[in-house]
Amino acid sequence: MTTLIEVRVEMPHTQHYGHEGSVRYLTYGCGFPVRIGDTVLCPPTRLWPKWSEGIVVSIGTSTYAGPVKDVKEA
């Protein structure tokens, strides 16, 4: 079963595209047990083709209703 988690991700490359700051709080799906503070691997984005490390900041509380990608264990 997939649970929605919110992850704090450092994305310094976004500054090159006009976004302020490099920290993003993104919602992902997670199919394995995690706790707040755990490190997970976040999937590549259109602007960054590599998996990124992120820190779980909330579990099951996201109100995001769109499509999500799943994280991997770090």
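This is a predicted model: local features need pLDDT of at least 70, side-chain atom pairs count only at pLDDT 80 or more; totals for chains, interfaces and linings use all residues.

Modeller: Residues are numbered from 1 along each chain as its sequence is written, and side-chain values use heavy atoms, with hydrogens and water left out.

Biologist: In what order do the strands form the open sheet?
Modeller: Two strands pair if DSSP finds at least two bridges between them. The pairing here is antiparallel. The order in the sheet is β2-β1-β4-β3-β5.

Biologist: Which are the edge strands?
Modeller: An edge strand pairs on one side only. The edge strands are β2 and β5 (72–73).

Biologist: Which residue in β4 is the bridge partner of Val 9?
Modeller: Strand β1 (residues 3–10) and strand β4 (residues 52–59) run antiparallel and are joined by five bridges. In β4, the partner of Val 9 is Gly 54.

Biologist: And which residue in β4 is the bridge partner of Cys 42?
Modeller: Strands β3 and β4 also run antiparallel, with four bridges between them. For Cys 42, the partner in β4 is Ser 52.

Biologist: Is Cys 42 buried or exposed?
Modeller: Buried means under 20% relative accessible area, exposed means over 50%, and partly exposed is in between (1.4 Å probe, protein chains only). Cys 42 has a relative accessible area of 1%, so Cys 42 is buried.

Biologist: How many disulfides does the structure hold?
Modeller: A disulfide is a pair of cysteine sulfur atoms within 2.5 Å. Cys 30 is another buried cysteine, at 2% relative accessibility. The number of disulfides in the structure is zero.

Biologist: Which side chain makes a polar contact with the side chain of Thr 27?
Modeller: Thr 27 lies in strand β2 (residues 23–30), and it counts as buried because its relative accessibility is 19%. A polar contact is a pair of N or O atoms within 3.5 Å; within protein, one must be able to donate a hydrogen and the other to accept it, and residues adjacent in sequence count only if both atoms are side-chain atoms. At 3.1 Å, the partner of Thr 27 is Ser 62.

Biologist: Where is Val 68 found, and which residues is it in contact with, leaving aside neighbours within four places in sequence?
Modeller: Val 68 sits in the loop between β4 and β5, and its relative accessible area of 33% makes it partly exposed. Contact means heavy atoms within 4.5 Å. With those neighbours left aside, Val 68 is in contact with Leu 4, Thr 27, Tyr 28 and Gly 29.

Biologist: Last one: over the ring of which residue does the charged end of Lys 72 sit?
Modeller: A charge sits over a ring if NZ of Lys or CZ of Arg is within 6 Å of the ring centre and within 35 degrees of the ring normal. The charged end of Lys 72 is 4.3 Å from the centre of the ring in question. That ring belongs to Trp 51.

Key:
Helices (H or I, at least four residues) and strands (E, at least two) are DSSP runs, numbered from the N terminus.
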